[in-house]
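Colleague: I would like a close look at a single part of this model, with the cut-offs behind each term spelled out.

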Amino acid sequence: MKVVYTDVLVIGGGLAGLRVAIGARRRGHDVTVLSLVPPKRSHSAAAQGGMQASLGNVAKGQGDNEDVHFEDTVKGSDWGADQRVVRMFVDTAPKAVRELAAWGVPWSRVREGDRTVIINGQPVTLTERAEAHGLVAQRDFGGTKKWRTCYVSDGTGHAMLFAVGDQAIAHGVPVHERKEALALIHDGSRCYGAVVRDLVTGELVAYAARATCIATGGAGRVYRVTTNAVICEGIGSALALETGVATLGNMEAVQFHPTGIFPAGILVTEGCRGDGGLLRDANGHRFMPDYEPEKKELASRDVVSRRMEEHIRKGHGAKSRFGEHLWLDITLLGRKHIEHNLREVKEICQSFLGIDPAEQWIAVRPAQHYTMGGVRTDHTGQSTTLRGLFAAGEAACWDMHGFNRLGGNSVAETVVAGMLVGEFIADFCESPAGDLDIPTVLLREALRVERDRLDSLLQGGGTESADALKASMQQLMTDRVGIFRTGADLEAAVSGLQELLLRSRNIGLRHRKDGPNPELVTAYRTQKMLKVALCIASGALARTESRGAHFREDYPRRDDAGWLRRTLATWRDPADTLPTLAYEPLDVMTMELPPGWRGYGARDYVDHPDTARRAAEVQALRERAAQGDRHSVQAALMPYEHLLPAAFRGRNERIDERQA
Amino acid sequence: MNQTTTEPGSTRTLRFHVLRHDPRDAASVPRTETFELEEAAGMTLFIALGEIRERLDPSLAFDFVCRAGICGSCGMVINGRPGLACRTLTRDLPTDITLAPLPAFELIADLSVDTGKWMRGMSERLETWIHEVSPDVDLGRIEAPMDPDLADRIYELDRCIECGCCVAACGTARMRKDFVGAVGLNKIARFALDPRDPRKDEDYYELVGNDEGVFGCMTLLGCHDVCPKNLPLQTQIAFLRRRMARTGVG
């Protein structure tokens with residue numbers, strides 16, 4: 001039995017995983033990162049438009065601060081988020097940008113003086129302040145009151161990932177590449193690490209760790225049409241689920257990005273619309289103001305995607321041999337702006353559509369983009385039910401996005417969660433809870449189970465094709481668990497997925513070699529993905545309301561009275577064909593921002609019985625604290641600073657909020 | 001003869017000649033295998049290879065991650081030229097398409113090579129990170145300003161995706177296993193440009209002022225021709241060579 005011992009095992013080498021690893025390493029712990037691919041190839045690199053942090057450097061960002069970012073994020077989440085976690089996040093985001101600036105990220109910078117930008121289709125002159133010259137610049141993104149999205153042209157994720165990846169090398173963090181975790185090792189109450197397969201040699205090794213952190217990103221590939229990279233298959237969530245102990249939160253909360261290029265689904269950034277790009281229909285008509293007079297193209301993603309599909313349903317889509325789509329028009333931004341600030345977009349349009357976006361419109365249609373749900377954790381990133389298991393980034397549900405994530409908040413979350421959870425993991429390792437007696441029988445048994453599982457795929461003589469099952473799953477999810485959901489569709493999806501899951505227990509392979517065998521990988525991953533897909537579909541079927549990105553045509557209203565609660569999915573028995581769903585209520589009485597209207601989308605919702613009482617209480621607290629500064633008002637409403645790790649407490653300085 | 005373009009409406013049968021080998025399998029012999037596929041509209045090599053694996057040979061090894069030209073996973077030699085497979089459209093290729101793994105990197109199997117190990121080794125050797133002046137920068141304070149044009153110029157060089165195409169196209173790298181390649185030299189140029197990194201030309205000379213570094217370059221500039229991100233490698237290498245020569249003469 002081969003065993004690798006480490007203090008902290010991080011599964012996933014994207015931005016969240018690497019930043020967790022650096023944090024724990026800096027605190028003196030031995031860290032090992034597992035990655036399916038060289039870490040700089042992680043899907044974090046695909047984040048184009050930028051990361052939100054309330055620096056308030058540009059003219060249109062003046063007056064921005066944590067409070068405004070908090071409010072935007074909670075409204076964006078349709079009140080599904082844990083508001084304390086949102087506070088922790090918005091407080092740390094400016095620190096994250098500044099840390100990355102020190103690590104060499106070439107943030108686009110403010111240039112003092114006049115410049116012309118496109119707002120609402122019209123050229124507008126903005127004047128940037130002299131004292132902001134050279135500071136990190138911000139652009140506009142959807143669902144935000146201020147220009148808050150810090151960016152590096154439109155290669156933000158790439159620049160961040162390379163800076164953090166290089167810091168991981170500088171800190172001597174070992175990354176075990178082309179290694180895949182197949183199962184978590186646990187005894188029902190504590191996690192001891194993972195069984196890991198070498199994707200080149202096929203060898204199985206037990207990695208034993210005091211703390212194990214899942215940072216594997218999203219599950220977009222359970223859908224046919226997705227912007228996600230091919231490695232974003234929700235495997236980290238499946239690992240947690242298959243313990244039977246850890247829970248997944250809100251898996252039905254799936255985001256569809258308005259502008260996937262059609263039909264390939266490759267992302268073009270929200271920055272296109274943030275910088276002034278418009279959505280047009282088959283007739284060239286700019287339709288978003290008809291639906292959303294206030295935020296227009298820059299409402300939150302769930303709202304814009306729904307409006308686009310609604311417009312296509314009304315018969316206004318442009319027709320093509322692959323189906324219907326709409327147009328994204330960025331020609332009005334001018335060639336210079338596109339070649340400077342949207343150069344990835346230009347490359348993508350040239351390579352995949354054969355068009356020049358400075359001259360022609362881009363064919364787009366909403367595509368699956370982000371998994372709001374994930375491994376349910378507390379605010380420290382630790383599983384609430386399996387000790388020693390942590391999660392960070394898109395794979396986690398700690399839960400800062402609720403039912404809809406704002407653009408620019410995910411790449412920000414990766415590094416912020418990495419900073420915070422890295423510290424919390426170090427705290428855990430330094431506490432008695434982090435001590436570990438490793439029962440080797442547990443390791444041996446876990447290795448045996450996985451070996452048997454692989455052998456039965458390789459030699460069991462099954463008759464089902466993993467590729468075919470996977471394709472059927474993806475088609476079902478895209479057809480029936482998409483932007484518009486109905487009870488009938490979701491029932492069909494759940495029963496269809498159950499059938500696929502049963503069939504997946506009889507997968508057979510044509511190529512029977514262990515080692516570099518892509519068919520074997522597809523086989524075991526498909527079995528896991530089907531469980532994740534079932535969590536999404538059955539969570540969506542059970543949730544008889546509409547909230548954020550989860551929209552039920554048969555239950556179009558947000559129902560705070562019945563559904564202001566988080567879905568928790570567990571997979572009790574390996575023989576089950578459905579997850580077990582439970583619910584965790586959100587406490588209105590502790591919310592800083594009680595539920596209300598988001599400022600865009602539907603105004604129609606059912607109040608929670610506590611909402612009026614809490615709103616009055618918040619109003620009274622605000623009045624009582626009105627003499628103090630905004631920090632003391634906030635502290636009166638919902639204290640959170642004590643929740644942050646000591647290393648990241650403290651105010652954020654701004655041009656308009658100087659520190660002594 | 002019109003082999004290089006597709007008439008609208010016409011369907012070509014493409015022949016993919018793929019170099020195959022599993023170096024860990026004692027019975028494996030390097031060989032070329034041919035697969036035939038009907039071309040589809042908008043078909044990229046990502047789509048074509050996926051179809052081959054799904055329908056014709058489940059064992060075919062290759063690497064894709066983002067399939068959008070961003071992550072650099074899918075570098076391979078396409079009709080003799082290193083490039084990113086995901087954004088290569090079959091309509092731009094003749095009906096016979098030869099695919100081979102990138103040379104200069106350790107072969108994993110078929111079209112899959114270990115660029116990760118090579119790139120990490122290069123990064124460790126060249127210390128491709130900001131050597132912070134003070135490691136404990138106060139994160140609560142306003143960030144240090146930077147000239148906007150300088151930030152843009154750094155990003156221009158920071159766009160490298162470490163795909164390995166430049167190394168595969170490099171004459172020196174084929175002869176000298178320890179050559180840092182255009183990817184390494186470009187990184188040095190990038191950090192030398194960045195005022196946040198306190199290292200001086202003398203420090204960089206220690207890293208690349210030799211035949212494994214900038215003086216090993218024979219100026220064939222295959223790197224510049226094949227770079228999928230169109231990085232200004234020619235200029236950067238020439239500039240770095242001049243600076244390092246000056247530093248060496250001292």
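Which residues have the most contacts inside the largest nonpolar core, and how many residues does that core have?

Modeller: This is a predicted model, in which local features need pLDDT of at least 70 and side-chain atom pairs count only at pLDDT 80 or more, while totals for chains, interfaces and linings use all residues. Residues are numbered from 1 along each chain as its sequence is written, chains are lettered from A and ligands numbered from 1 in the order in which they are written, and side-chain values use heavy atoms, with hydrogens and water left out.

The largest nonpolar core has 114 residues, and those with the most contacts inside it are A:M51, A:L100, A:W107, A:I330, A:I362 and A:I425. A nonpolar core here is a set of buried Ala, Val, Leu, Ile, Met, Phe, Trp, Tyr and Cys residues joined through side-chain atoms within 4.5 Å, where buried means under 20% relative accessible area, exposed over 50% and partly exposed in between, with a 1.4 Å probe and protein chains only. Helix α11 of chain A, residues 409–430, gives the most to this core, with twelve residues; helices (H or I, at least four residues) and strands (E, at least two) are DSSP runs, numbered from the N terminus. A second, separate core of 78 residues includes A:C191, A:L469, A:A533 and A:A537.

Turning to chain B, B:F16 is found in strand β1, residues 13–20, and B:F16 is buried, with a relative accessible area of 0%. Leaving aside neighbours within four places in sequence, B:F16 is in contact (heavy atoms within 4.5 Å) with residues including B:F35, B:L37, B:L45 and B:I52. B:F16 and B:L45 are 29 residues apart in sequence and 10.0 Å apart in space, C-alpha to C-alpha.
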